[in-house]
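Please look over the sequence and the model that follow.

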Amino acid sequence: MKRKKEFDNRRPHRRNVASALVTSRETPQKLRLTSKCPASPALWAESFTFEGLEIQKIVIILFLQGNSKGREEFEMAIIRWRTEPNPFREIDRLRGEVDRLFNEFGGGRGTFFSRVYPAINVGEDQDNFYIRAELPGVEPEKLDIECVEGSFVIRGERTIAPENAGISYHRREREGGTFRRIVSVPERVDPGKVSADLKNGVLTVVLAKAEEAKPRKISVKTT
Amino acid sequence: MAAKEIQLQEKKEVEKGAGESTRPGFLFVPAVDIFENENEITVLADMPGVDGKSVDIDLRENTLTIQGRIDRQEGEKEASVYREFNWGDYYRQFTISDMIDRNKITAKMDQGVLRLTLPKAEKAKPQKIMVTTG
């Protein structure tokens with residue numbers, strides 16, 4: 001589509017304020033957005049989301065150091081945002097969902113390594129959540145699981161039994177000590193239906209989903 | 001005893017080409033303690049998810065190989081929601097001096113920890129050498 005001026009993303013932008021005029025077919029008025037301009041105005045423009053609006057054009061106005069004299073205008077037609085079902089939007093939505101889940105589990109955006117022992121994996125099926133952790137050498141008596149609403153705590157101690165006197169070490173990589181980790185659960189679980197199993201050094205906590213959180217099949221009646 | 005907190009360590013993958021894996025998936029290096037006294041060498045290896053039947057120990061020449069296979073941990077219909085670690089088999093090799101009594105090696109799995117006892121051969125035990133004066 002036609003552009004008044006090509007964006008040059010390689011050029012460092014000294015401008016610190018940008019404004020965007022968005023014209024859409026559904027809303028006759030222009031939407032005005034003003035914010036600090038990041039390094040690349042094109043990326044900034046693309047970071048907008050307009051739910052349910054078919055965007056006709058976007059005009060980016062950059063103010064040089066906040067001064068209206070150093071004004072530059074760019075026009076870009078946005079064809080990416082449309083109201084029709086769009087596979088890219090689906091992917092975007094999905095990515096947002098995944099990010100939300102990561103955040104709820106306390107891992108931060110896209111972080112898989114929480115830096116808290118033990119590391120956990122979470123799985124789900126229709127009825128339950130499964131939280132698994134590798135806890136080699138932890139005795140069941142030294143493991144404590146407590147369930148509070150919306151989250152639960154894994155707590156325990158891993159003891160490396162002292163060996164007989166008169167030994168000398170070649171390698172010592174295994175570590176003992178206490179641990180404590182809190183895990184939040186994204187959907188409501190039934191606190192009465194939590195079970196835990198420790199087998200071959202793997203802990204599995206099964207959290208039953210509350211009835212209202214389970215997916216329900218609705219059958220359509222025909223008359 | 002004032003116990004310290006355990007620090008999380010990322011699982012270490014076996015370097016490519018080092019382990020002869022016949023299965024797809026991850027292959028990890030188990031953390032080990034190795035110590036000896038005058039009678040035996042003991043190896044303790046953390047291999048969570050491995051049961052006693054899935055451990056393979058091989059002593060060939062001077063090379064001791066430990067392999068542990070894990071079964072699928074997730075249920076059939078389970079979908080992964082969040083992942084901080086990967087499941088995988090274990091593989092590690094050590095070079096051991098040839099003074100082990102191969103017939104008396106014992107291995108035991110307990111809560112995902114392998115305990116391997118390698119008794120020293122008679123001739124390898126320290127002997128007092130009498131110095132004669134003539």
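The structure is a predicted model, and pLDDT is the predictor's confidence in each residue, from 0 to 100. A further stretch of chain A, residues 76-86, likewise stays under 50, with 29 contacts beyond four places in sequence. For chain A the mean pLDDT is 67, and 46% of the residues reach 70 or more.

Chain A also contains strand β8, made up of residues 151-158. Is this strand mostly covered or mostly open? Of the 8 residues in β8(A), 6 are buried, which leaves the strand mostly covered. Strands of a sheet pair through backbone hydrogen bonds, either parallel or antiparallel. One of the residue pairs here is Val148(A) with Ser151(A), the latter lying in β8(A). β8(A) also pairs with strand β10 of chain A, residues 177-184, again in the antiparallel sense, over 8 bridges. In that pairing Glu157(A) stands opposite Thr178(A) of β10(A).

In chain B, 5 strands form an open sheet with mixed pairing. The order across this sheet is β1-β2-β8-β6-β5. Why do β1 and β5 of chain B each have one side without a neighbour in the sheet? β1 (12-13) and β5 (55-60) stand at the edges and each has a single partner strand, so one side of each is left without a neighbour. For β5(B), pairing with strand β6 of chain B, residues 63-68, is antiparallel and covers 6 bridges. Asp56(B) and Gln67(B), the latter in β6(B), stand opposite each other.

The aromatic rings come next. Over all chains, the count of aromatic pairs comes to 5. One of them is formed by Tyr169(A) and Phe35(B), with ring centres 5.2 Å apart. Their planes are at 65 degrees, and planes over 60 degrees apart count as edge-to-face, so the pair is edge-to-face. This pair crosses between chains: Tyr169(A) belongs to strand β9 of chain A, residues 168-172, and Phe35(B) to strand β3 of chain B, residues 32-36. Phe35(B) is buried, with a relative accessible area of 3%, whereas Tyr169(A), with 32%, is partly exposed.

Another pair lies within chain B, where the ring centres of Phe28(B) and Tyr90(B) are 6.5 Å apart. The planes of these two rings are at 45 degrees, so the pair is tilted. Phe28(B) is in strand β2 (residues 26-29) and Tyr90(B) in strand β8 (residues 88-95) of chain B; at 62 residues apart, the two link distant parts of the chain. Buried means under 20% relative accessible area. Phe28(B) has 5% and so counts as buried, and Tyr90(B), at 3%, counts as buried too. Phe28(B) and Tyr90(B) form one aromatic cluster together with Phe26(B).

Two of the rings described above also have a charged residue over them. Which residue has its charged end over the ring of Tyr169(A)? The residue is Arg172(A), whose charged end sits 4.1 Å from the ring centre. In chain B, Lys11(B) lies over the face of Phe28(B), 4.2 Å from the centre of that ring.

How values were computed
Residues numbered from 1 in each chain as written. Chains lettered and ligands numbered in written order. Predicted model: local features only at pLDDT ≥ 70, side-chain atom pairs only at ≥ 80, totals over all residues. Heavy atoms only, no water. Buried < 20%, exposed > 50% of the residue type's maximum accessible area, 1.4 Å probe, protein only. Helix = DSSP H or I, 4+ residues; strand = E, 2+ residues; numbered from the N terminus. Pairing = 2+ DSSP bridges. Phe/Tyr/Trp six-rings, centres within 6.5 Å; stacked < 30°, edge-to-face > 60°. Lys NZ or Arg CZ within 6 Å of the ring centre and 35° of its normal. Contact = heavy atoms within 4.5 Å.
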